[in-house]
Amino acid sequence: HCHFFNLGLSLGQVDLRDSKNIEEIEKRLLLYSKKNQSDVIIGRGWDQNLWENKVFPNNGFLNKLFPDKLVLLRRIDGHALLVNDLVIHKAQINSKTKVSGGSILIENNKPTGVLIDKAMDLAISILPPNSSKLISKALIDAEKKAFENGLTTVDDAGLNKRTIQIIDSLQQTGDLKIRVYAMISNTKENLNYFLDKGIIEKEKLTVRSVKVYLDGALGSRGALLKKPYSDDNENKGITITTKEELFELSEKLSSKGFQLNTHAIGDKANEIVLDVYNYILKGIEDPRWRIEHAQVVDEFDIQKFNSKIIPSVQPTHATSDMNWAEDRLGNNRLKRAYAYKDLLDWSGKIALGTDFPVEKVNPLFTFYSAVARKDVDGNPSKGFLKENALTRVEALKGMTIWAAYSNFEDSFKGSIEIGKMADFVILTNDIMEVPEEEIKNVGVVATIVNGSIVFQKIN
């Protein structure tokens, strides 16, 4: 589970990851603006949880620095956007603007510049569509990063028709060698086109699933909870797709043999998805429907997972969120969060991803987080919620054969066997044998796709 195309786009944007305060963001924006003489500045990666005050920013500093340029800065999780007043004005947003499935933060009867979930679309809609040239460049740039990190197949969680068609044409010409499992973004245009066309299975491209957002993210308090946030008792999060809408879509997809992959982070969101899935999938033998993230699931709902419903999780989210997750959830709910071992026990299989560019691309950090429950600095020393760590074998399967299974691809990839595709990676050390603390330092020697070396480290 990743955002492959978005990774490629982000490589040409301002990188705001790990910025510790607004001053650091200002410096990076000014440096970018000097190098790039554009009327639009797009960035990604800010996270108010890393700042001393941990509160959402206000766009005042952007208005001073860039009164005449459009500035759009995505939060690290991709579920909030900070924009300047020029964007607010062009998007015709004001203190009375209401958005279903999103929110606009207001202070002193004026938008602060922070748009959450569906409200982001108002700002993004004022930008011109990406050119085919830019899309192609972003895909090729993302492939380079993926191969350097030992990835041979990526599951892009939400693509539009045009991007999928460009992926297909680049693969046909040999300009794009990586295999892509494309989840269709849930729009009317995409659904009408692909459901009418039917399942697409080519040598390097598969289109047979739809990505839906049920709720937002925990970091931006958009994850849908049963009870209010522990650090915001007026707020239970955001519903992006209603239960009724999910039910209707589920019926449509099940009749066409398409897989549904639903983003659900909060415990209420997971309850809704599990109830809809279990009802719809009763008579379907092997649907392999996925819940993307399955981040907070209460004790009652976790029992609704089964062999028809695959938890598709990102172990580095646990170690990235651990310093503030308890603030959002409180101690009791935290114990039911990032519960990968429990999810595996109920489902029988689990698929592991990184969700890049939300997290770093390196899948060995995924492996390390799943097994050690620590961040790359080795914290916390005893592991975060260690009772839900996976064994090395389980983590490896989650990144290979079970991940292939979650894509309906386990008969021809996901393990090194005669008759399967020669997609594999050579590492500097054996991740199944090295001491736990050394896992995160293991590197990629070579990446092989279809028997051809697509990346090799030159000493």
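Strand β8 gives three residues to the lining of the largest cavity, the largest share. Both β8 (179-185) and β10 (205-213) supply at least two lining residues each; strands (E, at least two residues) and helices (H or I, at least four) are DSSP runs numbered from the N terminus. The model is predicted, with pLDDT of at least 70 needed for local features and 80 or more for side-chain atom pairs, while totals for chains, interfaces and linings use all residues. Residues are numbered from 1 along each chain as its sequence is written, and side-chain values use heavy atoms, without hydrogens and water.

The structure holds one cavity of 30 Å³ or more. A cavity is a set of points on a 1 Å grid over the protein atoms alone where a 1.4 Å probe fits but cannot get out, and lining residues have an atom within 4 Å of a point. The volume of the largest cavity is about 50 Å³, taken as the space filled by probe spheres set on the points, which are joined across faces, edges and corners. Among its lining residues are Thr 153, Lys 202, Glu 409 and Phe 412.

Helices α15 and α16 have axes that come within 9 Å and cross at roughly 145 degrees; axes are lines fitted to C-alpha atoms over the stretch in contact, with angles from 0 to 180 degrees between N-to-C directions. Contacts (heavy atoms within 4.5 Å) are listed below.

| Helix | Residue range | Contact residues |
|---|---|---|
| α15 | residues 363-372 | Pro 363, Thr 366, Phe 367, Ala 370, Val 371 |
| α16 | residues 392-399 | Arg 392, Ala 395, Leu 396, Met 399 |

Conventions. On a 1 Å grid over the protein atoms alone, a cavity is a set of points where a 1.4 Å probe fits but cannot get out, and a pocket is an open set with protein on both sides within 12 Å along at least five of seven lines; lining residues have an atom within 4 Å of a point.
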